[in-house]
Amino acid sequence: MIWYIDWNVNEVIVEGWPFRWYSMMFLAGFLIGYYIFKSFFKRENDPMEWLDSLLMYMVLATILGARLGHCIFYDWDYFSQHPLEILLPVKFDPFRFTGFQGLASHGGAIGIIFALWMWSKRISKRPVLWVMDRMVIPTALTGTFIRMGNLLNSEIVGKETDVAWGFIFRKLGEDFPRHPVQLYESIAYFFIFWLLYFMYWKTDARNKLGRIFGMFFLTIFGARFFLEYFKRSQGGFESALGDVLSTGQWLSIPCILMGLYFVLRPAVPYERHKYVKHKKKRGK
């Protein structure tokens, strides 16, 4: 007899308080990521005052990009008729507070790239790939926390299964096991984080513009493409393309190709001396 995992975790940490596991996981990812990035700045002797603005850019871009990505890629039929609900954490019919239910990693990736381009142009004055090579490392770890938050919320569930580690998601009103695909993704992202972390600290990849960034896109979205086979459909435009691939897989393909390009292209060295004029100005 197989004993499956009976999963019925309350998404609220303490009853009566507006603290949810998903929000705490999201916050934990950003806070730990902040200190990881701080260690990069210390190693490279970069201005610590950049960190606060970088964190603000990242938080806003991740949330806004991921929210827009979900609404546009996965549920546009609904949100095109309820545009205020895209940016407001409520439902109007009937009116109730829901929080932001629905964040898409592909949209978050687009938002992050745009925000880091803006930050590089306005703040650091360095190549955007310089900050992207470093930012993707804590981003992979944040993805680990976010997927654990999805598991605690019993959302983005897997397909039905009979494997011994299947989860029965009682919050969904079910009595049969599913693949805990959120856990699969979380574990995959954790190992990818350590791969990128190793590349930064133990190899010269940090001095080759786009190399770590490319490896992030190749591995993260490669894992996402594969794990979509275990995931229950999230909707989107997949039916319009014949249900050959899921919406998540279609969106992962250009990300994988972009990752391959930056991993395989000839190395572009980062010449630090070109971008340290700010130190001379402060020394006068």
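**Salt bridges across the predicted model**

The side chains of Arg134 and Glu44 meet in a salt bridge, with 2.8 Å from N to O; the term denotes a side-chain nitrogen of Lys or Arg within 4 Å of a carboxyl oxygen of Asp or Glu. Arg134 belongs to helix 6 (residues 128-152) and Glu44 to helix 1 (residues 21-44), so this pair ties together parts that are 90 residues apart in sequence. Helices here are DSSP runs of H or I with at least four residues, numbered from the N terminus. Arg134 and Glu44 are both buried, a class defined by under 20% relative accessible area, with exposed meaning over 50% and partly exposed lying in between (1.4 Å probe, protein chains only).

This is a predicted model, in which local features need pLDDT of at least 70 and side-chain atom pairs count only at pLDDT 80 or more, while totals for chains, interfaces and linings use all residues. Residues are numbered from 1 along each chain as its sequence is written, and side-chain values use heavy atoms, leaving out hydrogens and water.

A salt bridge also links Asp46 and Arg126, whose closest N and O atoms are 2.7 Å apart. Asp46 sits in the loop between helix 1 and helix 2 (50-73), and Arg126 in the loop between helix 5 (105-124) and helix 6, so the pair connects parts that are 80 residues apart in sequence. Asp46 and Arg126 are both buried.

Lys208 pairs with Asp204 in a salt bridge, at 3.7 Å between the closest N and O atoms. Lys208 is partly exposed, at 24% relative accessibility, and Asp204 is partly exposed at 44%. Elsewhere, salt bridges with shared partners join Arg147, Glu185, Arg224, Glu228 and Lys231 into one network. The structure holds 10 salt bridges.

Note on methods. Helices (H or I, at least four residues) and strands (E, at least two) are DSSP runs, numbered from the N terminus.
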